[in-house]
Amino acid sequence: MAQVRNKQVILRDYVSGFPKETDMSIVESTLSLKLPEGSNEVLLKNLYLSCDPYMRMLMTNVESLLGLPSYVPGSPLTGFGVARVLESGHTDYKKGDLIWGLTKWEEYSLVPSTQILSKIEHTDVPLSYYTGILGMPGLTAYAGFFELGSPKKGENVFVSAASGAVGQLVGQFAKLTGCYVVGSAGSKEKVDLLKNKLGFDEAFNYKEEPDLDATLKRYFPEGIDIYFENVGGKTLDAVLLNMRVHGRIPVCGMVSQYNLTQPEGVTNLTNLIYKRIRMQGFNVFDFFHLYPKFLEFLLPHIREGKVVYVEDIADGFEKGPAALVGLYSGRNVGKQVLLVARE
């Protein structure tokens, strides 16, 4: 029975504070390339792995509220990826199929067929897109903006962490809808990207703005209708002062809080009452039924160049820990992807 060497990124121990590369190790195991008789599992060769901010919350010894189990020290990380099927014990998948979905941070993975796996039918776009624009982050942007944000033409939209995997799409969806959109990011390079490549009306570097309330009043003198929340903390506090009556805040993430031992408080929540704001958290797993509709909407825009996507691809399995850790200091420009193997 054929055996292969299988590199894995494992969590060494639970993490407190900002994660470090040394919190992870690259180890090598062996894996059989033949399924046991009667197995309904799927054997995958991983091609791309997705680095996503939520993964930090799975590194702590607390019950996960994301619908995903927390990581186990000594075991490989799990996350979304793109893979080719090598062997399948389930009729939905056959040898040679390309899929995206939940896999492990290793070169080869044996996963249950009940796990989230979607066959890739459209290969005229880069396969890496299924870790981002056509995968979980893309569906997150689509569901959060359209289902919870309920945008209308002419409304004012603010997006934090706007150059990231989700934010860059929300801004473009807002422009397609006929909205005015402003994004915040953490460097001049990212601000230029938002304005010159991704089509945002305006953008600013939040690190250069000591008074976020004044900054938002400058960009939104009439107030904000939709705030797509990715960072939390001081940004959310300032936004609440600048929302319009009946504004909407889809809460996608709060990356500024994930590495704090004591999360920051938010002091301006009374504005939810005064302005009748709807602020709602969401989990993309609640919207996977929309995936066919999402593809039907987005693929033509990608093919026509009306929606673009910026990726930051780390080439080589050994670069995985650094790529993941870099998310939390804003080192990546665009969607962070790990290239494991070329086709």
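The buried residues of helix α1 are M136, P137, G138, L139, T140, A141, Y142, A143, G144, F145 and L148; buried here means under 20% relative accessible area, exposed means over 50%, and partly exposed lies in between, with a 1.4 Å probe and protein chains only. This is a predicted model, in which local features need pLDDT of at least 70 and side-chain atom pairs count only at pLDDT 80 or more, while totals for chains, interfaces and linings use all residues. Residues are numbered from 1 along each chain as its sequence is written, and side-chain values use heavy atoms, with hydrogens and water left out.

To continue with α1: 11 of its 13 residues are buried, so the helix is largely enclosed by the rest of the structure. Helices (H or I, at least four residues) and strands (E, at least two) are DSSP runs, numbered from the N terminus. The helix covers residues 136-148 and should span 18 Å at 1.5 Å a residue; its end C-alpha atoms are 17 Å apart, which agrees. The expected span is 1.5 Å times one less than the number of residues. After α1 comes S150, with a positive phi near 45°.

I turn now to strand β3. How many of the residues of β3 are buried? For residues 42-50 the count is 8 of the 9, so β3 is largely enclosed by the rest of the structure. As to its partners, two strands pair if DSSP finds at least two bridges between them. β3 pairs with β4 in the antiparallel sense over 7 bridges, and Y48 stands opposite V82 in β4. With β6, β3 runs antiparallel and is joined by 4 bridges; there L44 stands opposite S109. Strand β15, residues 335-339, is also antiparallel to β3, with 3 bridges, and L49 faces L338 of β15 as its opposite residue.

On a 1 Å grid over the protein atoms alone, a cavity is a set of points where a 1.4 Å probe fits but cannot get out, and a pocket is an open set with protein on both sides within 12 Å along at least five of seven lines; lining residues have an atom within 4 Å of a point. Grid points are joined across faces, edges and corners, and a volume is the space filled by probe spheres set on the points.

The second largest pocket has a volume of about 200 Å³. Its lining comprises 16 residues, with P69, Y71, P76, T78 and K104 nearest its centre. Strands β4 (78-88), β5 (98-104) and β6 (108-111) each supply at least two of the lining residues, and β5 gives the most, with 3. By class, this lining has 9 nonpolar, 6 polar and 1 charged residues. Ala, Val, Leu, Ile, Met, Phe, Trp, Tyr, Cys and Pro count as nonpolar, Asp, Glu, Lys and Arg as charged, and the others, Gly among them, as polar.

The structure holds 1 cavity of 30 Å³ or more. The largest cavity contains about 40 Å³ of space and is lined by F158, S184, F204, Y206, L212, L216, T235 and A238. The lining divides into 6 nonpolar and 2 polar residues, with no charged ones.

Finally, the cysteines. With a disulfide taken as a pair of cysteine sulfur atoms within 2.5 Å, the count comes to 0. C51 is buried at 2% relative accessible area, whereas C252 counts as partly exposed at 25%.
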